[in-house]
Amino acid sequence: MNKLSLYDTLGMFLPGAFLAYGLYFCNQNWHFIDLPFKIDTNILLVAVVCLILGASLFALSFYLFPKRWMQKCFDLYDKVGKIYDQLT
């Protein structure tokens, strides 16, 4: 098993942090759920939730990007090697 680098960790943590902040902001405005604890003071809990959300987004992107409709939606193209093999 390869080591998890700082780049990979931040690649999961930062999108998870943006998603967690967005969900927290939406929950503050529209009160979807009432939390039994104060999330502002528990830094470790916030970090773990951000990593879990980021890892979920990371795994979801590997599942969705090979789908053909996702490639058309975001205008993703084939790899250069695959295009070259098709031309020859």
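Among what covers the buried residues of helix α1 is α2; contact here means heavy atoms within 4.5 Å, and buried means under 20% relative accessible area, with exposed set at over 50% and partly exposed in between (1.4 Å probe, protein chains only). The buried residues of α1 are Met12, Gly16, Ala20 and Asn27. Helices, for the record, are DSSP runs of H or I with at least four residues, strands are runs of E with at least two, and both are numbered from the N terminus. The model is a predicted one, in which local features need pLDDT of at least 70, side-chain atom pairs count only at pLDDT 80 or more, and totals for chains, interfaces and linings use all residues. Residues are numbered from 1 along each chain as its sequence is written, and side-chain values use heavy atoms, with hydrogens and water left out.

Zooming out to the chain, there are 4 helices and 0 strands, and the order along the sequence reads α-α-α-α. Of its 88 residues, 9% count as buried. Take the contacts between residues at least 6 apart in sequence: 55% of them join residues at least 24 apart. The chain exposes about 7,900 Å², and carbon and sulfur atoms supply 70% of that area; accessible areas come from the Shrake-Rupley method with a 1.4 Å probe, and for residues only the protein chains shown count as cover.

Back to α1 itself. With 25 residues at 1.5 Å a residue, α1 should span 36 Å, and its end C-alpha atoms sit 35 Å apart, which agrees; the expected span is 1.5 Å times one less than the number of residues. Cys26 is in helix α1 and, leaving aside neighbours within four places in sequence, is in contact with His31 and Phe32. On the α2 side, Val46 is found in that helix and is partly exposed, with a relative accessible area of 30%. Val46 and Ala20 are 26 residues apart along the chain, yet their C-alpha atoms are separated by 8.3 Å.

The surface has a nonpolar patch too: Leu19, Leu23, Leu57, Leu60 and Tyr63, with about 450 Å² of accessible area together. Patches are built from residues with over 30% relative accessible area and no salt bridge, joining like charges within 9 Å and nonpolar side chains (Val, Leu, Ile, Met, Phe, Trp, Tyr) within 5 Å; a salt bridge is a side-chain nitrogen of Lys or Arg within 4 Å of a carboxyl oxygen of Asp or Glu. Both α1 (6-30) and α2 (43-64) supply at least two residues of the patch, and the largest share, 3 residues, comes from α2. Leu19 lies in α1 and is partly exposed, at a relative accessible area of 31%.

As for cysteines, a search of the whole structure turns up 0 disulfides, a disulfide being a pair of cysteine sulfur atoms within 2.5 Å. Cys26 is partly exposed at 26% relative accessible area, whereas Cys50 counts as buried at 4%.
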